[in-house]
Amino acid sequence: MNSKQKKMLYRIVAAAVLVVVLQLLPESGLLDLVPVPLGLLYLIPYLVVGGDVLRKAIKGIQNRQPFDECFLMAVATVGAFALGEYMEGCAVMLFYQVGELFQSVAVGKSRRSIAALMDIRPDYANLEKAGGVIEKVDPDEVETGSVIVVEPGERVPIDGVIVEGSSTLNTAALTGESLPRDAKAGDDIISGCVNLSGVLRVRTTREFGESTVSRILDLVENSSMKKARAEHFITRFARVYTPAVCYSALALAVLPPLVLTVLGQPAQWGDWIYRALTFLVISCPCALVISIPLSFFGGIGGASTCGILVKGSTYLEELSRTGIVVFDKTGTLTQGVFEVTGVYPAAGVEQADLLEKAALAESYSKHPISQSLKQAYGRELDPARVSDVEELGGYGITARVDGRPVAVGNARLMAKLGLSPAAPDQTGTVLYLAVDGAYAGTIVISDVVKPTAAKAIAGLKRAGVRRTVMLTGDTEPVAKAVAGQLGITEYRAGLLPEDKVTQVETLLAEKQPRENLAFVGDGINDAPVLSRADLGIAMGALGSDAAIEAADIVLMDDDPARIALAMDISRRTVRIVYQNIVFALVVKAACLLLGALGMAGMWLAIFADVGVMVLAVINATRALYTRDLVRRNGLA
Amino acid sequence: MMKKTYKIDVDCANCANKMEAAAQKTPGVKNATVNFMTLKMSVEFEEGQDPKAVMPQVLAACKKVESDCEIFGI
């Protein structure tokens, strides 16, 4: 609690004690000794607790903007005093302030917890000066190309390249990923990571202002300026609702007594005015006004702790209505690196032997294929075993391995050797191997699907996504295989990079009303598509400025499971928002009806005001907690 | 287009909405958003307007509707 809130608490406690004392006073007989009107005595706690509300209400009238919560409360309580209901007048004001205090504490708490979670701003950098002297400086003052030292336990302040030392890095604040990452000399290092074990010397490659940590903070701090439709709805609603309620209350106070008088019956002014006052107390819209922005704030905050940056509450809201998700295959669903995914030795050939021969024959090549063969073989290759290497463009390679002729290449190379091996039942780049002129086996190399991709697609479907579409430049069979493996409903193969926009536009035209299309890209060359889609989601955007700029939602790492997690968070947030809207409106409508009929007293009215608000705020803070959703998506 | 974000202080969500409405009506301001949760006001100025000249008026307009408010860094 801050000092303002503490002061409020003291006022509430003091007023509550006074009210209790005043309740006991008539029985004590003290009033008979000193004849003071009871109403005057009750004014003391009333003014102690509600003085500022009265002041604000008067100010509102002066500014010709009278219809707000303070006005409602002021009229209701002053009215109660005028009717001689001193105790109830005090109680309404007291509980109203308790509610306001509760709300203020709850909001402050979620502000602080989000600030703590996003506390990645480095305060200093250890700049290495000439002669190896280390000086603590403001990160802003470090020039690009300087060398900084990051001690264990410190946060990397500026992006750079490690020049000396090795360590493990905790990137949790950036990516939500709890597993530490290894780093050694020559590796790029991004600011915001925490150095866990060894001392690192880092040559900076950016200024502080352009470093990852500054860009993320900028994004987080300027998010939620784009308000959600639900928030606009409530603002507009309150603007119409409060005056409407005030006039209804006035009508309730005046019309029935007049009608009764005309009918020749007792007017019962006091009764009807009391009903009108309870009406005013019930109608206070604060439950809605606070709980909706609080829910979105919690949702955005909860998402950012999982490495999902949402640029505004409107995007969080729109994400929940996403029916079509379009993926750019490479880099989002697949890793974009080639790996040996299938080894089919011919009869009588050992699998390891086949891989070894292929890797040796290709060992002089710089082609990605040879890299993946080497990686699959996994042991050191002795180049001395290879001789007479000949690269045949468009065919493959021939060489002598341990003196025996080996040919590695495509089907055309095999045809040249008079061989016609059967194509494997697997998609990807197919390499055939011939040793001593005889077919020795087949190796398939393909872009590897990310391990969490299938789960992510399933998660999206569970979250209500109707169509998942994969766009790729790959050939039809490869696209078909990947789509089938992941459970993606549709794919478009053989696309050129510029075809992506047209494809997305076609899909946009096909979507149903009130449905959104989200495009997921890895941020490389897809800025136009990211901005064209209803929602642009950039993955693994730690390095890419253009993607951060163009996307509405930025995933800090390249794990597709975070897309499903983002969907789950958005859907829960929106659900909480609607729960609160419906709950508050239904309870209030019911109480208003009871109040108008004279069946609800001031105490029920206080519940309908403060009780509903407290419940709505508690419900709203749920949006901040995302741990169960993280676990559900297998990201814990 | 000139856009600036200011840190603000205000006590209640409805007061923040009032500040937003007041800021939007201030001459020289094209659009303004107040976020109660992050306590930030983002102001888009009209072409050729100096934020240093406009912001004091925005603050005055906000103070009028909500006396307990503050805009920092004007």
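Colleague: At about what angle to β11(A) does helix α18 of chain A run, and across which strands does it lie?

Modeller: In this predicted model, local features need pLDDT of at least 70 and side-chain atom pairs count only at pLDDT 80 or more, whereas totals for chains, interfaces and linings use all residues. Residues are numbered from 1 along each chain as its sequence is written, with chains lettered from A and ligands numbered from 1 in the order in which they are written. Helix α18 (residues 499-510) of chain A lies across β11 (322-328), β18 (467-471), β19 and β20; helices (H or I, at least four residues) and strands (E, at least two) are DSSP runs numbered from the N terminus. With axes fitted to C-alpha atoms, for helices over the stretch in contact, and angles from 0 to 180 degrees between N-to-C directions, the angle to β11(A) is about 165°.

Colleague: In what order do the strands of the seven-stranded open sheet of chain A stand?

Modeller: The pairing in this sheet is mixed, two strands being paired if DSSP finds at least two bridges between them. The edges are β10 (308-310) and β19 (490-492), each of which pairs on one side only. Neighbouring strands are turned by 20° against each other on average, direction ignored. The order is β10-β22-β21-β20-β11-β18-β19.

Colleague: Which residue of β21(A) is the bridge partner of A:Ala518?

Modeller: Strand β20 (residues 516-521) of chain A runs parallel to β21 (residues 535-538), and four bridges join them. Within this pair, A:Gly521 stands opposite A:Ala538. On β11(A), which is joined to β20(A) by five bridges, also parallel, A:Val326 stands opposite A:Phe519. For A:Ala518, the partner in β21(A) is A:Leu535.

Colleague: How many of the six residues of β20(A) are buried?

Modeller: A residue is buried if 20 or more other C-beta atoms, placed from the backbone, lie within 10 Å of its own, exposed if 12 or fewer, and partly exposed in between. In a regular strand the side chains alternate between the two faces of the sheet. From β20(A), A:Asn516, A:Ala518 and A:Val520 point one way, while A:Leu517, A:Phe519 and A:Gly521 point the other way, all of them buried. The strand is mostly covered, and the number of its residues that are buried is six.

Colleague: With which residues is A:Ile537 in contact, leaving aside neighbours within four places in sequence?

Modeller: Two residues are in contact if their C-beta atoms, placed from the backbone, lie within 7 Å. By this criterion the partners of A:Ile537 are A:Ala518, A:Phe519, A:Val520, A:Ala551, A:Ile553, A:Leu555 and A:Ile563.

Colleague: What radius of gyration does chain A have?

Modeller: Chain A contains 23 helices and 22 strands, and its C-alpha atoms fill a box of roughly 120 × 65 × 40 Å along the principal axes. A compact globule of 636 residues would have a radius near 26 Å, by the rule of 2.2 Å times the number of residues to the power 0.38, with the radius taken over C-alpha atoms. For chain A the value is 35 Å.

Colleague: How far apart are the C-alpha centres of domain 1 and domain 3 of chain A?

Modeller: An automatic or database domain assignment supplies the bounds: domain 1 (1-114), domain 2 (125-154 + 158-210), domain 3 (307-335 + 450-573) and domain 4 (336-448). Between the centres of domain 1 and domain 3 the distance is 53 Å.

Colleague: Which residue of β3(B) is the bridge partner of B:Tyr6?

Modeller: Chain B has an open, antiparallel sheet of four strands in the order β2-β3-β1-β4, with β2 (29-35) and β4 (70-71) as its edges. Six bridges pair β1 (residues 2-9) with β3 (residues 40-45), including the one between B:Lys3 and B:Glu44. Two bridges join β1(B) to β4(B), where B:Ile8 stands opposite B:Ile71. The partner of B:Tyr6 is B:Met41.

Colleague: Which element supplies the largest share of the side of chain B that touches chain A?

Modeller: The contact takes 14 residues from chain B and 19 residues from chain A. On the chain B side, α1, β2 and α2 (51-65) each supply at least two residues. Helix α1 (residues 13-25) lies across β2 and β3 of chain B, at about 170° to β2(B). The largest share, three residues, comes from α1(B).
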